[in-house]
Amino acid sequence: MTTVVLLTAEVELIDELRPAFAQVAPELRVLQAHEPGAAEAEVAACWFPPAGALQALPRLRLIHSVSAGIEHLDTAGDLPAVPVCRVVDPEQRQGMVEFMRWAVIHYQRHFDLVLARQQQARWQRPPQVPAGEYQVGVLGLGSMGSAVAQDLAGAGYAVRGWSRSAKTLAGVDCHHGDSGLPACLAGLDLLINLLPLTTATAGLLNSQLFAALAPGAVLVNGGRGQHVAEADLAAALSSGQLRAALLDVFEQEPLPPDHPWWHTPGVTVTPHMASAASARCIASQIAENTRRLTTGAALLHVADPALGY
């Protein structure tokens, strides 16, 4: 019987995954790191694994992220020389589209101002900006970013997109490479970040980038917390260069109760909920790759830790 060890500190995630594995792959033995037999695991299912946890598995043959990203594996230190795979869920892409559509409408129609004024019992109708006059940018045109950009373009928004390499998307003004970033950013009313986290993108959301946006612009971060230079974001909000920031991802998750973002004017915190694969999908894909591992078949959704995705 092949053993899969769950390496995460999130109890809720473990409580969701164990019954999902029991349903889709009862032939697997699924354990937590502290349980007897866990050290014999050949597969590690990971979400922010503790430092040293992977290196403590002498029979490890596969590291499997439980999400589409793999950057959270950095918490484990140097990775053992085994394949790394990730989860790809079409429904997760749809969830991201829905979340970002809500975010854009929320700020385009000034619902953030309306909700704040309700607390003051203040009746004041905000200006209404047509979608075609609202400039939205999407950083990262992978599977999710492309879907988000095209959905917004289809809804009538003026959408620009940026990616590392050239992309062509219907209705989207696409830019690429370092030379294309300034033209993508210039005068945007709202910027959505869906980039993977790499050494090149860490800290990209900084004062220089914020200054390129329209005064009073909005930042929506659905990439990773490490993309944000937090001091620069706080300064941009304080100065009014940014009107608001919707943050769904953070360098430390859960976001600590004493973190300033909870109480910073203009900041909306959501608990990494923009989109997530279902427990059943995660368990099914890890189980399938475990079967492939044991039979020598090609693994699905192999990632490159050197690239970060």
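Predicted model: local features only at pLDDT ≥ 70, side-chain atom pairs only at ≥ 80, totals over all residues.

Colleague: What does the domain assignment give?
Modeller: Domain 1 is 3–89 + 277–307, and domain 2 is 90–269. The bounds come from an automatic or database domain assignment. Their C-alpha centres lie 31 Å apart.

Colleague: How much area is buried between domain 1 and domain 2?
Modeller: About 830 Å², with 46% from carbon and sulfur atoms. Buried area is the accessible area (1.4 Å probe) that two parts lose on being put together, summed over both.

Colleague: Which residues of domain 1 lose the most area to domain 2?
Modeller: Glu71, Asp89 and Leu307, together 56% of what that side buries.

Colleague: How many salt bridges between domain 1 and domain 2?
Modeller: One. A salt bridge is a side-chain nitrogen of Lys or Arg within 4 Å of a carboxyl oxygen of Asp or Glu.

Colleague: New topic. Where is phenylalanine 111?
Modeller: Phenylalanine 111 is in helix α3, residues 111–118. Helices are DSSP runs (H or I, at least four residues), numbered from the N terminus.

Colleague: Why does phenylalanine 111 count as partly exposed?
Modeller: Because its relative accessibility is 38%. Partly exposed lies between buried (under 20%) and exposed (over 50%), with a 1.4 Å probe and protein chains only.

Technical notes. Residues numbered from 1 in each chain as written. Heavy atoms only, no water. Helix = DSSP H or I, 4+ residues; strand = E, 2+ residues; numbered from the N terminus.
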